[in-house]
Amino acid sequence: MNRSEEVEKGAETPYAQVYKIQNFIVHPQFEPTTQQNDIALVKTVKAITFSMYVGPICLPFRYTSIDLTGLPVIALGWGSDDFSSPRSQVLQEVTIDVISNAQCSNTEKYVRDSNICTFTSNKDTCQGDSGGPLAWMATSTRRLQLVGVVSYGLGCATARPSVNARVTSYLSWIISQTPDTNYCIR
């Protein structure tokens, strides 16, 4: 992640844990050439332990028709600070803005309704952040909503936007793959 005036989170708090993977489900219509349907689900062998540093994020069931254009989202990841740099040893956080898909399509070739684009000058996700969350704070509930999954961009913090999977486009698929799950729907 390329940050400007952002604070690295996790440097003093030991909240990173390793979990063994039981199952990894890639979207059946994932297209590597265009990065369409670039979303997957991971099931861990044991339940994730929540604490004051680690908690669930809500799926945006109530926000399927909200336009997030112009609103800030939080990207988290363990990726590079700059293109081709080593990955971070601490969890990184950056606040970036959602831009319209129409604006994103001016420079990005394969933008679809199932994407959500972000751009903020000198701030971005970077190599190694793919698969990480784009979280939006719903002001009405004060709950974080998982609105996107980091997918791709050209470089890091360039003059071009980043393209991400729009989670609301995949809610039906997520539910079909996780039938015995309790969801945070607030």
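**Strands, burial and a pocket**

Guide: Let's start with β5 and strand β8 (residues 162-166), which run antiparallel and are joined by 4 bridges. The model is a predicted one, where local features need pLDDT of at least 70 and side-chain atom pairs count only at pLDDT 80 or more, while totals for chains, interfaces and linings use all residues. Residues are numbered from 1 along each chain as its sequence is written, and side-chain values use heavy atoms, with hydrogens and water left out.

Visitor: What makes two strands a pair?

Guide: DSSP has to find at least two bridges between them.

Visitor: Which strands close into a barrel, and in what order?

Guide: The order is β3-β4-β5-β8-β7-β6, 6 strands with antiparallel pairing. Neighbouring strands of this sheet are turned by 45° against each other on average, direction ignored; the axes are lines fitted to C-alpha atoms (for helices over the stretch in contact), with angles from 0 to 180 degrees between N-to-C directions.

Visitor: How many bridges do β3 and β6 share?

Guide: They pair in the antiparallel sense over 2 bridges. I74 has A135 in β6 as its bridge partner, and A75 stands opposite L134 in β6. On to β7: 6 bridges join β6 to β7, again antiparallel, with M137 opposite L144. These two strands form a hairpin with 4 residues between them, and R142 in the turn has a positive phi of about 55°.

Visitor: Why is V98 called buried?

Guide: Buried means under 20% relative accessible area, exposed over 50%, and partly exposed in between (1.4 Å probe, protein chains only). V98, in strand β4, has a relative accessible area of 4%, so it is buried. Its C-alpha atom is separated by 28 Å from that of Q177, 79 residues apart along the chain. In the protein as a whole, 40% of the 186 residues count as buried. Strand β5 (residues 115-118) is covered on both faces: N115 and C117 on one side, and I116 and T118 on the other, are all buried.

Visitor: Why does Q35 count as partly exposed?

Guide: Q35 counts as partly exposed because its relative accessibility is 22%. Q35 is in the loop between β1 (21-26) and β2 (40-44), and has a positive phi of about 65° although it is not a glycine. A157 also has a positive phi, near 55°, in a residue other than glycine. A157 lies in the loop between β7 (143-152) and β8; at a relative accessible area of 18%, A157 is buried.

Visitor: What makes a space a pocket and not a cavity?

Guide: On a 1 Å grid over the protein atoms alone, a cavity is a set of points where a 1.4 Å probe fits but cannot get out; a pocket is an open set with protein on both sides within 12 Å along at least five of seven lines, and lining residues have an atom within 4 Å of a point. The second largest pocket holds about 150 Å³ of space, a volume filled by probe spheres set on grid points that are joined across faces, edges and corners.

Visitor: Which residues line the second largest pocket?

Guide: Among them are Y63, I74, T95, A135, W136 and M137. The elements that give two or more residues are β3 (72-77) and β6 (133-138), and β6 gives the largest share, 4 residues.

Visitor: How does that lining divide into nonpolar, polar and charged?

Guide: Ala, Val, Leu, Ile, Met, Phe, Trp, Tyr, Cys and Pro count as nonpolar, Asp, Glu, Lys and Arg as charged, and the others, Gly among them, as polar. The lining has 9 nonpolar, 3 polar and no charged residues.
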